[in-house]
Amino acid sequence: MPTPVKPASRLVTISRQRLVAAVTVAGLLLAALFCLAEQGLVQLADNRILDGLASRMARATAPDVPDRVVIVDIDEESLAVAGQWPWPRYLTGGIVRRVSAARPMGVGVDVLFSEPDRTSIATIRHAFRRDFGLDIAISGVPRGMEDNDAYFGSVLAGAEAVGAVLHLFDLVTPDPENLPRPVRVTGETTAIAPAEATGILCNTGPIQAGLAASGFINVEKDEDGSIRRVPLLHRFQGQYYPSLALALFMQVRNLREVRVETDALGPVLVAGETRIPVDRAARMRLRFAGGARAHRFVPAAEVLRDAHDPALFEGRMVIVGSSAARLNDLHHTPVSSNYPGTEVHAVALDNLFDGNPLREPEHAVAFRLVPAALVTLLAGLLFLRAGPLQAGVATLAVALTMPAVGSALFVWRGMALPMAAPVLAALAQGALLSLALYARERRMAFVRLRQLNHARQMTLESMTAVAESRDEISGAHIKRTQHYVRALAESLRDIGRGGGKETYPQLTEDYIELLFHSAPLHDVGKVAVPDSVLFKPGKLTDEEYAVIRQHVRHGRNIIANAAQGMEDDAFLHLAAEIAWSHHEKWDGSGYMEGLAGEAIPLSGRLMALADVYDALICARQYKPAFPHAKVREIILKGRGTHFDPAVVDAFLLAEEEFKRIATAYRDPEPGHTPDPDPPGGPPDDQVQPGDPRQ
């Protein structure tokens with residue numbers, strides 16, 4: 001009997017509106033996850049965008065780099081001339097003394113001298129006294145030159161120089177001999193939370209004592225190893241301490257206090273009349289002008305030889321530092337991958353004097369999440385009202401307004417706003433929605449195809465049932481012949497593979513499946529055969545034989561008419577082929593065309609054996625049921641005459657499967673139950689394997 005049609009409601013897939021809503025909610029959660037993460041794709045993209053803008057702006061402003069800061073550079077050439085680092089302190093003192101003589105605005109030393117000078121005469125005398133008990137005397141040394149550190153300290157004091165200290169965050173150190181002077185911070189101090197140092201590394205006592213002020217030289221790298229911000233304040237032992245750049249700025253401006261204020265974008269440090277926007281960690285985002293070495297660098301060796309122009313230092317800020325690679329003070333920045341650490345402090349000093357560092361909003365997460373959420377919601381709305389391509393393009397266009405506005409604010413106002421989140425949200429949500437809608441369409445296509453296949457199968461079974469109802473044979477015959485044909489085809493395929501190559505390449509899984517679904521229509525033409533012939537219990541006359549032979553023609557015509565208007569319906573084409581050729585015989589004695597050998601379609605050769613087997617093993621109105629052994633004997637006798645020898649070999653290979661199928665799909669009517677191996681059997685004169693009514 002035909003399979004009942006499933007209720008349509010079971011095949012209905014999720015509606016477009018509900019799907020878009022579900023994906024939009026998922027997109028909002030995903031956007032929140034990425035935007036709230038401290039580090040991730042969104043932050044990485046923001047850094048890349050802002051770095052690109054910073055680099056382009058630096059190139060554009062390279063000709064206008066302020067000459068306020070000059071760097072006396074202990075470079076590779078200077079190290080080669082003056083000797084291996086560290087130099088004797090009197091050499092560094094000589095540089096500071098010459099710079100100071102040119103009346104600069106201020107002098108900073110970006111070098112830490114935390115160990116006593118081993119070349120100092122006082123140090124040497126102390127070592128001999130300690131190690132050998134000898135008290136050596138060196139004559140002719142000018143007063144004050146016996147202790148290099150003391151000499152250097154006196155030079156620094158005369159220059160009112162600002163020196164370097166290093167804050168430690170994973171080591172507790174004892175208090176130094178001369179602890180640097182802290183800076184007073186007032187105002188809304190709760191708006192900032194500078195890093196808390198656990199230790200401090202200072203210069204030796206005489207040097208530290210000679211400094212007018214000190215500032216830490218720590219720099220902070222982002223997770224990708226690039227320097228974009230510099231801390232202006234740290235805390236140590238409950239006090240605030242300035243960076244080298246801030247200490248220099250305050251020394252020159254004669255400031256002793258920094259006030260904290262807040263505005264709509266976050267905290268601001270106010271030093272005198274200068275307002276310095278910072279983040280909560282009291283870090284200033286650097287505005288780079290030009291690339292590496294955009295400032296004026298004067299080699300230290302030239303200063304030591306008095307080969308420099310003193311006018312270069314007059315009225316300017318001078319920082320003594322190093323760009324030598326061997327001293328390991330080169331860093332990655334948005335404008336260069338080898339940026340001297342000393343020049344980082346120079347850029348910070350320029351930003352402080354100009355009052356124009358880049359500004360980051362305090363609540364960067366909100367600037368990421370809110371636009372991303374709006375774009376995600378917009379994408380959902382557009383995908384409901386337009387096609388995926390139009391909606392995706394429109395969403396991306398809207399999302400790009402954020403980078404466009406952000407880029408303009410970066411160039412005109414120095415605002416470093418997050419810009420990547422809405423673009424990434426648009427791309428991600430567009431991709432998610434497109435994939436979801438595509439999956440839905442695929443699902444709907446699958447449902448429609450399943451419904452079509454179901455309808456096709458119902459049509460096939462209905463057509464078959466009409467034929468079988470006239471032949472008084474149950475639907476179990478349909479199932480048996482279907483499974484016989486498939487078992488034969490699979491066995492024949494396996495035999496064909498035995499020689500290492502495909503003898504029957506057409507026997508693919510798809511072809512065998514088509515064969516399985518097409519087989520039931522092999523006798524549909526019997527609907528056109530008169531009852532007097534079809535149901536005759538005895539042997540047919542020649543005229544009756546001619547009439548019933550026409551059922552193959554009728555079957556082909558019925559299937560051909562059913563196939564009209566269908567495009568590429570392979571199963572009906574194969575069904576017509578089976579209906580027309582399944583009574584052909586290997587030796588050419590069959591009908592309707594008398595085809596022989598491989599001229600008979602493979603589908604017809606397979607069905608010929610399957611149909612004969614089922615007709616013989618089941619009781620019909622003109623014959624009793626035969627045992628399997630007798631049917632096997634008949635089929636073997638027909639090898640090479642009635643049946644394709646290779647198909648007979650396939651039958652022998654699938655013999656047990658045939659017996660299983662005959663038992664599994666037995667006829668329900670009493671007296672018509674196929675029994676593969678009943679005791680005894682009919683006499684030979686009742687065996688008619690060529691009867692066209694089978």
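M592 is found in the loop between α20 (570-581) and α21 (602-617). A cis peptide bond joins Y591 to this M592, with omega at about 20 degrees. The model is a predicted one. Its aromatic pairs number 11.

**Aromatic pair F113 and F152**

- The ring centres of F113 and F152 are 5.1 Å apart, and the ring planes stand at 85 degrees. An angle over 60 degrees counts as edge-to-face, so F113 and F152 form an edge-to-face pair.
- F113 sits in the loop between β2 (106-109) and α5 (121-132). F152 belongs to helix α6 (residues 148-159).
- The pair therefore ties together parts that are 39 residues apart in sequence.
- Both F113 and F152 are buried.

**Aromatic pair Y484 and F658**

- Y484 and F658 have ring centres 4.6 Å apart. Their planes lie at 10 degrees, so this pair is stacked. The cut-off for stacking is under 30 degrees.
- Y484 is part of helix α15 (residues 476-496), and F658 is part of helix α24 (residues 655-664). The contact therefore ties together parts that are 174 residues apart in sequence.
- Y484 has 0% relative accessibility, so Y484 counts as buried. Buried means under 20%.
- F658 also has 0% relative accessibility and counts as buried.
- One aromatic cluster contains Y484, Y613, F651 and F658.

**Charges over rings**

- R486 places its charged end over the ring of F516. The distance to the ring centre is 3.9 Å.

**Cis peptide bond at P86**

- W85 and P86 are joined by a cis peptide bond. Omega there is about 5 degrees.
- P86 has its place in the loop between α3 (76-82) and α4 (89-101).

**Positive phi**

- Q237 has a phi near 55 degrees, which is a positive value in a residue other than glycine.
- The location of Q237 is the loop between β9 (233-236) and β10 (239-242).
- With 45% relative accessibility, Q237 counts as partly exposed. That class lies between the buried limit of 20% and the exposed limit of 50%.
- R293 has a phi near 60 degrees, again a positive value in a residue other than glycine.
- R293 is located in the loop between β14 (283-285) and β15 (296-299).
- The relative accessible area of R293 is 42%, so R293 is partly exposed.

- E77 is found in helix α3.
- Its relative accessible area is 43%, so E77 is partly exposed.
- E77 and A301 lie 224 residues apart along the chain. Their C-alpha atoms are separated by 7.3 Å.

Conventions: Residues numbered from 1 in each chain as written. Predicted model: local features only at pLDDT ≥ 70, side-chain atom pairs only at ≥ 80, totals over all residues. Heavy atoms only, no water. Phe/Tyr/Trp six-rings, centres within 6.5 Å; stacked < 30°, edge-to-face > 60°. Helix = DSSP H or I, 4+ residues; strand = E, 2+ residues; numbered from the N terminus. Buried < 20%, exposed > 50% of the residue type's maximum accessible area, 1.4 Å probe, protein only. Lys NZ or Arg CZ within 6 Å of the ring centre and 35° of its normal.
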